[in-house]
Amino acid sequence: MLITNMPGPLPCPVLRPLLRIVLLLLLILSSCTKGDSRNTLLETETTNSASQDGRSAGSVDPVEQYLTEGDSGLILDDFLDRILKAAEIPPDVAGKVSVAAAAGPSFILDLLTCLSGEPGLRTLVDKEHALPGGYEPVDLVELGNGSCQVSRKGLLLRRMAAESLEEMAAAALAGGVTLVASSAYRSYAYQEEVYARNVRESGQEAADRESARPGRSQHQTGLAVDFGSIDDSFAETPAGLWMAANAGRFGWSLSFPDGYEEVTGYRWESWHYRYVGRDLVSFIDTYFGGIQQYALRFIYEWERAE
Ligand SMILES: [Zn+2]
């Protein structure tokens, strides 16, 4: 079903990462426990030396043995480093992820939450990662007749994104702001037309900056929406400002932020949001500085790592 139909190297694309996470979780917990033991050991040693009540020379303390054999937390560090490098996460962001992961199990638990969600929410689709050519969501529904206005009839989104969009638009409307969806799901064939037209009108380089080749558009997932005017003027409209401040609360993430063309492959698109769900928005914001592309690349590499 859905994007889980995508070809992958694993017979079960979900089970193996879950197993790995459980293992890592055990590792972390064991590391934390041992950290506590280490503190206890230090306290014990202090007390012992103060009371002159030490163990007899030559006895082997199991905690000391653990300390001399190394910290299992290093194994996680090494694994994380490999993933962060493979995902090309820049050093400042990677450093914060490593610190967060070393600080306790929250990072892994948050990651586990994202990995247990609908796979389509975290699917990496960009200039280097294409959807299967014929991919078409099975649960597309037409937008309209609700709080979210549409610029034309026939706009489609996957059901969960459409429901979330409606909830978000109702909240915006309650604050006096009207959201208008101008483009939503695009099929492979339609994206082929859009891209070809852009190449004809603006040349290939410009077309690549501003539109995706077929199979490489987030719009083909049925989870992305272009709002309002679909140009830079959107950012300063009430809807643009409202979305920038509130979209995350409803699980929507700005895909191509200002200043990240080198990372995302696209110039700033203040109007293009992708529904990734609240858990993934929180993961993106907490650990990846709000940059969707970093988090999706990290998760992509994590799920494929050996
Ligand atoms: Zn778009």
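Author: What follows is a set of questions and answers on reading this chain. This is a predicted model, in which local features need pLDDT of at least 70 and side-chain atom pairs count only at pLDDT 80 or more, while totals for chains, interfaces and linings use all residues. Residues are numbered from 1 along each chain as its sequence is written.

Reader: How many helices and strands does the secondary structure of the chain come to?

Author: Helices (H or I, at least four residues) and strands (E, at least two) are DSSP runs, numbered from the N terminus. Here there are 13 helices and seven strands.

Reader: What percentage of the 306 residues in the chain is buried?

Author: A residue is buried if 20 or more other C-beta atoms lie within 10 Å of its own, exposed if 12 or fewer, and partly exposed in between; the C-beta atoms are placed from the backbone. In this chain, 31% of the 306 residues are buried.

Reader: Which residues in α13 are buried?

Author: They are Gln292, Gln293, Tyr294, Ala295, Leu296, Arg297, Phe298, Ile299, Trp302 and Glu303. Because 10 of the 13 residues of α13 are buried, this helix is largely enclosed by the rest of the structure. As for length, α13 covers residues 292-304 and reaches 18 Å from its first C-alpha to its last, close to the 18 Å expected. The expected span of a helix is 1.5 Å times one less than its number of residues.

Reader: At what angle do helix α5 and helix α12 pack?

Author: Axes are lines fitted to C-alpha atoms, for helices over the stretch in contact, and angles run from 0 to 180 degrees between N-to-C directions. For α5 (residues 106-115) and α12 (residues 278-287) the angle is about 145°, and the axes are 9 Å apart. The contact is made by Phe107, Asp110, Leu111, Thr113 and Cys114 of α5 with Asp279, Leu280, Phe283, Thr286 and Tyr287 of α12. Two residues are in contact if their C-beta atoms, placed from the backbone, lie within 7 Å.

Reader: In what order do the five strands of the open sheet lie?

Author: Strands of a sheet pair through backbone hydrogen bonds, either parallel or antiparallel. Two strands count as paired if DSSP finds at least two bridges between them. The order here is β2-β4-β5-β7-β6, and the pairing is mixed. At the edges are β2 (149-150) and β6 (252-254), each pairing on one side only.

Reader: Which residues of β7 are bridge partners of Leu254 and Asp226?

Author: Leu254 has Tyr273 as its partner, and Asp226 has His272. Strand β7 (residues 272-275) pairs with β6 in the antiparallel sense over three bridges, and Trp252 stands opposite Tyr275 of β7. Strand β5 (residues 224-227) and β7 also pair in the antiparallel sense over three bridges.

Reader: How far apart in space are Gly240 and Leu179, C-alpha to C-alpha?

Author: They are 8.8 Å apart, and 61 residues apart in sequence. Gly240 is found in helix α10 and is partly exposed, with 19 C-beta neighbours inside 10 Å. Leaving aside neighbours within four places in sequence, Gly240 is in contact with Gly228, Phe234, Ala235 and Ser270. Over the chain, residues 24 or more positions apart account for 68% of the contacts with a separation of 6 or more.
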